[in-house]
Amino acid sequence: MFPLTEENKHVAQLLLSTGTCPRCIFRFCGVDFHAPYKRPYKELLNELQKFLETEKEELISDVPNPPPKKIRLQELEDGIDGIDNLSQNGEGRVSILEDGSIASKNSNLNVCNVCLGILQEFCEKEFIKKVCQKVEASGFEFTNLVFSVSFPPQLSVREHAAWLLVKQEMGKQNLSLGRNDIVQLKEAYKWITHPLFSEELGVPIDGKSLFEVSVIFAHPETVEDCHFLRAICPDCFKPAKNKQSVFTRMAVMKALNKIKEEDFRKQFPCPPNSPKAVCTVLEIECAHGAVFVAGRYNKYSRNLPQTPWIIDGERKLESSVEELISDHLLAVFKAESFNFSSSGREDVDVRTLGNGRPFAIELVNPHRVHFTSQEIKELQQKINNSSNKIQVRDLQLVTREAIGHMKEGEEEKTKSYSALIWTNKAIQKKDIEFLNDIKDLKIDQKTPLRVLHRRPLAVRTRIIHSMETRYVDEHHFHLYLKTQAGTYIKEFVHGDFGRTKPNIGSLMNMTADILELDVEVNHFIVEMPVCTLNSTKFCFFGGGRGH
């Protein structure tokens with residue numbers, strides 16, 4: 001059933017006579033159900049012609065009766081006759097050629113003066129197939145997708161002009177047409193293209209999908225159509241970084257909301273002129289949202305930084321924990337880049353023992369995203385076999401939300417350490433036993449000199465919950481500590497030139513230094529949801545800063 005009614009005929013005739021395509025005519029007539037838009041363009045055009053011809057014949061055969069809504073008979077006849085005769089005498093705005101396509105007097109192709117061809121050839125099956133070929137060639141894994149489009153900004157200008165025209169004509173019939181009564185171009189485009197994409201690719205369209213296909217349209221007359229807005233509303237068009245043009249969609253919409261109708265009519269034709277060219281596809285992009293892999297790592301080397309150690313552009317050590325793990329993930333997930341984060345960090349000469357330090361890696365734009373649990377286990381084993389400096393456990397896919405749990409409460413949790421201490425004075429076992437009795441010792445730590453270049457200067461109060469000693473010889477003993485996360489252990493031992501008070505040296509009334517330090521990550525656990533193919537599991541995360 002044709003979607004237009006008797007009361008739509010005048011508006012439809014008016015728009016068609018000015019060069020507007022059938023689907024845009026539907027939009028301005030408030031057709032808000034999908035089916036009519038999905039029909040092939042040529043069918044719509046033929047039916048629209050028949051619809052208007054019927055109106056013409058009825059009006060001519062029934063002259064005594066006034067046309068519906070007081071449509072002026074001569075105006076209607078002139079408009080339709082102009083369409084019929086255009087291909088013969090070359091006059092008027094549009095013509096219907098023998099093959100059913102539309103042509104204008106200004107172009108070999110009659111490009112819609114409102115949508116610039118978007119709702120013509122760019123939503124037909126042939127175009128959708130071309131886009132899908134690009135998608136399939138991109139190499140991404142996906143089980144659904146979200147489709148997005150970016151239109152030239154002057155479409156808003158042209159739609160505004162057409163709206164003012166229709167609004168004025170409808171006002172003559174005591175009818176009104178608000179801007180919100182027009183079906184949005186992007187909505188109509190998606191009504192047509194979503195089923196075609198789904199059918200061609202064999203997957204559903206899902207607004208929450210991590211895989212996005214975007215089509216970016218451009219038009220050569222953007223500046224020509226929009227420049228008057230900048231002259232009238234200069235404050236709406238301010239140059240911005242990463243923007244090639246000041247005429248963005250948001251800027252144009254802002255200006256259209258400010259400009260008065262009479263000023264707009266003086267500067268831009270209503271109806272809009274037929275364009276000289278059709279839209280072009282600037283880019284077809286495929287992108288997949290980030291996926292997150294998490295686990296725990298143990299570090300057994302005292303010559304391995306957590307992240308690449310680069311000073312003044314010079315690399316100090318050849319590898320890092322981050323690289324030993326992420327290089328494998330990048331290759332398997334076919335990702336473009338990554339972001340590494342962990343629950344705390346240890347110094348280059350500190351080992352990480354116990355259950356391991358929690359970490360997470362964000363893989364940016366991965367092309368492969370579906371893995372079985374067995375494949376993840378094999379990936380973990382591959383990482384572990386590649387180096388004796390680290391080991392990874394509990395490797396798994398997790399959600400973005402789960403990463404937040406890893407960082408929660410770092411400063412409030414308890415950390416365990418073991419350290420080998422040297423003293424400048426000879427000691428006996430009895431000289432260190434008093435440390436075992438100290439509980440919940442409060443210390444004040446001014447930002448250590450060694451990290452002052454990357455951390456703000458501040459005094460932080462930390463708690464040493466407990467200490468346990470094991471005598472080695474007259475200049476060495478092992479110290480086992482439980483501390484508040486975020487405590488600088490090295491500075492607690494040697495005092496950092498008095499910047500940490502009290503410290504082991506001041507407590508023992510001698511000079512003390514730390515020779516070896518290990519962080520024992522055996523403490524608290526946090527339940528975290530894991531992102532798997534069809535289920536939700538849990539892993540155990542926790543951590544804090546190790547120094």
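Thr500 counts as buried because its relative accessibility is 0%; buried means under 20% relative accessible area, exposed over 50%, and partly exposed in between, with a 1.4 Å probe and protein chains only. This is a predicted model, where local features need pLDDT of at least 70 and side-chain atom pairs count only at pLDDT 80 or more, while totals for chains, interfaces and linings use all residues. Residues are numbered from 1 along each chain as its sequence is written, and side-chain values use heavy atoms, with hydrogens and water left out.

Thr500 sits in strand S16, residues 500–501. Strands (E, at least two residues) and helices (H or I, at least four) are DSSP runs, numbered from the N terminus. What does Thr500 touch? Leaving out residues up to four places away in sequence, Thr500 touches Ile443, Asp444, Gln445, Glu491, Phe492 and Gly495, where contact means heavy atoms within 4.5 Å.

Next, helix H1. H1 covers residues 9–17, and eight of its nine residues are buried. Among them are Lys9, His10 and Gln13. After H1 comes Gly19, with a positive phi near 105°.

Now the cores. A nonpolar core is a set of buried Ala, Val, Leu, Ile, Met, Phe, Trp, Tyr and Cys residues joined through side-chain atoms within 4.5 Å. The largest has 80 residues, of which Leu4, Leu119, Tyr189 and Phe217 touch the most other members. Another core, of 26 residues, lies apart from it and includes Ile421, Ile443, Ile464 and Val493. Back in the largest core, Leu4 has contacts beyond four places in sequence that include Ala12, Ile25 and Phe51.
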